[in-house]
Amino acid sequence: MLQDGNAAVVEFQKFIDHRGLVGNFLLGALAHLALARAYALQGDTAKAKAAYRDFLTLWKDADPDIPILIAAKSEYAKLR
């Protein structure tokens, strides 16, 4: 179940589509990262890149030493 990119995409996209519920909360941004990872699992590089860009844009002013941000940047770089 942890490797089911299709199911993950559906669930995280639902979360992102309800922006009014998550607003600027941390979970909203992390949903973009999770969606990116789900697309990567599916092998959909174009959509994965777009979702990573969305996450990185939301976190552009974050502390650069945050481990999840470092991981996201590394994962995004590997898609190029």
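Phe55 and Trp59 are both buried, where buried means under 20% relative accessible area, exposed over 50% and partly exposed in between, for a 1.4 Å probe and protein chains only. The model is a predicted one, in which local features need pLDDT of at least 70 and side-chain atom pairs count only at pLDDT 80 or more, while totals for chains, interfaces and linings use all residues. Residues are numbered from 1 along each chain as its sequence is written, and side-chain values use heavy atoms, with hydrogens and water left out.

A search of the whole structure returns two aromatic pairs; rings of Phe, Tyr and Trp (its six-membered ring) pair if their centres lie within 6.5 Å, with planes under 30 degrees apart counted as stacked, over 60 as edge-to-face and the rest as tilted. Tyr52 and Tyr76 are both buried. Phe55 and Trp59 also make a tilted aromatic pair, with 4.9 Å from centre to centre and 35° between the planes.

In soluble globular proteins, nonpolar side chains tend to be buried together. Neighbours within four places in sequence aside, Phe55 is in contact (heavy atoms within 4.5 Å) with Ala29, Leu30, His32, Leu33, Leu69 and Ala72.

With 13 residues at 1.5 Å a residue, helix 5 should span 18 Å, and its end C-alpha atoms are 19 Å apart, which agrees; the expected span is 1.5 Å times one less than the number of residues. Its buried residues are Leu69, Ala72, Tyr76 and Leu79. These cover an arc of only 80° around the axis, which puts them on the same side of helix 5, the arc being that of the directions from the helix axis to the C-beta atoms. On the face turned away from this buried side, helix 5 carries the exposed residues Pro67 and Lys78. Lys78 has a relative accessible area of 69%, and its C-alpha atom is 9.9 Å from that of Lys49, 29 residues apart in sequence.

Turning to charged side chains, two salt bridges are found in the whole structure, a salt bridge being a side-chain nitrogen of Lys or Arg within 4 Å of a carboxyl oxygen of Asp or Glu. Arg37 and Glu75 meet in one of them, at 2.8 Å from N to O. This pair links distant parts of the chain, with Arg37 in helix 3 (residues 26-42) and Glu75 in helix 5 (residues 67-79), 38 residues apart. Arg37 is partly exposed at 33% relative accessibility, and Glu75 is partly exposed at 24%. Lys60 and Asp61 also form a salt bridge, their closest N and O atoms being 3.9 Å apart. Asp61 counts as exposed at 69% relative accessibility, and Lys60 is exposed at 61%.

Key:
Helix = DSSP H or I, 4+ residues; strand = E, 2+ residues; numbered from the N terminus.
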